[in-house]
Amino acid sequence: MQTLVGGAVAHYRADPGSFYGFQLESIFPSNLMRIWHLQTAIFWIATAYAAAALFLGRSLRSDEPRWLPAAIHLLFAAFVIVIGASLLGEWAGISGWLDDWWFLFGNQGWEYLEIGRFWQYLLVVGLLGWFALLWWISRPSQNTNVHARPIARMFLLGALAIPVFYVPALFFGAKTNFTVVDTWRFWIIHLWVEGFFEFFATTVVALMLFQLGLTGRNTALRVIYLDAILYFLGGLMGTGHHWYFSGQTQINMAASALFSALEVVPLTLLTLDAWDFVRTTRGETGQNGSASALSHKWTFYFLMAVGFWNFLGAGVFGFMINLPIVSYYEVGTILTPNHGHAAMMGVFGMLALALMVFVLRQTTDLERWPDIEKYIRVGFWGSNIGLASMVVFSLFPSGVLQVWDVVQHGYWHARSIDYTGSAIARQLEWMRLPGDLIFIVFGAIPLSIATFKAYWMVRAASFAGSGMK
């Protein structure tokens, strides 16, 4: 859904008049599709993280509580209700169907925080319930591997940060001053999405690589500690590079941009360490003495994609636009979604896919795995080549030319129909089409097929086992 909606958003930019002759905007306005594209990205990535965290937490202990399956089904149902209802609420709110209830159940109107306040309350409750479940099954005292306990402790701290540091999203109302709202909104965008989610992602990757035997315990812990230092000492200040129109001082803007750029270092170091280990040992044995992790090669490939896009999308493209003088001319141009796509999908999305593939491989027997692996192989190359094509052929050149137009003619001109409707701007928008098609047809669809096939195989094996008993 997220990729199809993204294709529609791109088409609205390339051809605002119609959707191949069909007036799609009369049903789904372009701003609604943009909201759904962003919200579904956050939702499917967060769902993957939450599910994989429970799976990893369960792998740290030898027994399984009898109530665990029912609790996980209940949590999944809560996710479905909050996600589905909030998306429908945003549609109703933006269409004016909710009257005075728009802020509570509809669309708040703030980018990244369009979700209605009521659904936010439920989201916080659900995330706290998820953490309580995760803590109960993976608390260090229950770990069978004593060497994993320090990593598990940091893993739980990173998980706790997810619900706790989302709470500032509730610190403003429908009529709060813009400066106050923008302060907490960018707290969520930077410190929750880019900060604590990335810290949690680093702990998940560290735990997974340790479980696979691709990195040592001390290396994983050092990277997690470095991550924590950069986020907790520099993350708060790094948030300030977003507050361009909130009255920040020049020194704060400059220092914030610098600290923000440093956030990509830990995850890059961790993936480089894993790559160096596999290249040296060729996966023959693990640093913790475990067996070969070659059966998880596609998980490893997705993790390496995370490292690549973390360096390029979050690091290079992020630092390219967040320095104060650049941000003054660039903010709101296509260089922003260039960074956003390469960082959000490239880092968080690829990590979510890595976690998904890890779980699929762990729950599928050797006999059935080749039938699933062929779809994952196509999905890996399709998602990465598609994303790279979007960036190389459309987003990056479009952003550079638009910023140049800002410098030459002013920001107003680069954002006006005179520029966005020009031949070169439209041509570059249409250049998104090949990358989008590759991403959807050879990325999202094969990975979805692999997921459903693996689920059906697990269910079939479970029913067969029950029949045998």
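Guide: Start with one cut-off. A residue counts as buried when its relative accessible area is under 20%, and as exposed when that area is over 50%. Keep in mind that this is a predicted model.

Visitor: What does the side chain of Ser422 reach?

Guide: The backbone oxygen of Tyr419, at 2.6 Å.

Visitor: Now the whole chain. How many helices and strands does the chain have?

Guide: There are 18 helices and two strands. The C-alpha atoms fill a box of roughly 70 × 50 × 45 Å along the principal axes.

Visitor: What does the radius of gyration say about the chain?

Guide: Compare it with a rule. For 469 residues, a compact globule would come out near 23 Å; this chain has 22 Å, so the two agree.

Visitor: What share of the residues is buried?

Guide: Buried residues are 52% of the 469 in the chain. Look at contacts too. Among contacts with a separation of 6 or more, 77% are between residues 24 or more positions apart.

Visitor: How do I read a nonpolar core?

Guide: The general idea comes before the case. In soluble globular proteins, nonpolar side chains tend to be buried together. Here the largest nonpolar core has 120 residues, and Tyr49 and Trp130 touch the most other members. Helix H7 (residues 178–212) gives the largest share of this core, 21 residues.

Visitor: Which residues is Trp130 in contact with, beyond four places in sequence?

Guide: Ala50, Ala53, Leu54, Leu75, Ala159, Ile162 and Phe200. Trp130 also belongs to an aromatic cluster, together with Tyr49, Phe155, Tyr166, Trp192, Phe197 and Phe200.

Visitor: How many aromatic pairs are there?

Guide: Ring centres must lie within 6.5 Å to pair. By that rule the count is 33. Take Phe105 and Phe118: their centres are 5.1 Å apart, the planes make 50 degrees, and the pair is tilted.

Visitor: Which parts of the chain does the pair of Phe105 and Phe118 tie together?

Guide: Phe105 is in helix H4 (residues 102–105) and Phe118 is in helix H5 (residues 117–138), so the pair links parts 13 residues apart in sequence. Phe105 is partly exposed, at 26% relative accessible area. Phe118 is partly exposed as well, at 29%.

Visitor: Rings can also face charges. Where does the charged end of Arg139 sit?

Guide: Over the ring of Trp136, 4.2 Å from its centre.

Visitor: Next, helix H2. Is His37 buried or exposed?

Guide: His37 lies in helix H2 (residues 30–59). Its relative accessibility is 19%, so His37 counts as buried.

Visitor: Which residues is His37 in contact with, leaving aside those within four places?

Guide: Gln2, Val5, Gly6, Val9 and His341. One of these contacts has a polar side: a polar atom of the His37 side chain lies 3.0 Å from the backbone oxygen of Gln2.

Visitor: And Arg34? What does Arg34 touch, not counting residues up to four places away?

Guide: Arg34 touches Val9 and Glu111. Arg34 is also found in helix H2. At 47% relative accessibility, Arg34 is partly exposed. Arg34 and Glu111 are 77 residues apart along the chain, yet their C-alpha atoms are separated by 9.6 Å.

Visitor: Where is Asp99?

Guide: In the loop between helix H3 (68–94) and H4. Asp99 has 60% relative accessibility, so Asp99 counts as exposed.

Visitor: What is the phi of Tyr112?

Guide: Near 80 degrees, a positive value in a residue other than glycine. Tyr112 lies in the loop between strand S1 (107–110) and strand S2 (113–115). Tyr112 is buried, with a relative accessible area of 19%.

Key: Residues numbered from 1 in each chain as written. Heavy atoms only, no water. Core = buried A, V, L, I, M, F, W, Y, C linked by side-chain atoms within 4.5 Å. Buried < 20%, exposed > 50% of the residue type's maximum accessible area, 1.4 Å probe, protein only. Helix = DSSP H or I, 4+ residues; strand = E, 2+ residues; numbered from the N terminus. Contact = heavy atoms within 4.5 Å. Polar contact = N/O pair within 3.5 Å; in protein donor to acceptor, adjacent residues only side chain to side chain. Phe/Tyr/Trp six-rings, centres within 6.5 Å; stacked < 30°, edge-to-face > 60°. Lys NZ or Arg CZ within 6 Å of the ring centre and 35° of its normal. Rg over C-alpha atoms; globule rule 2.2 N^0.38 Å.
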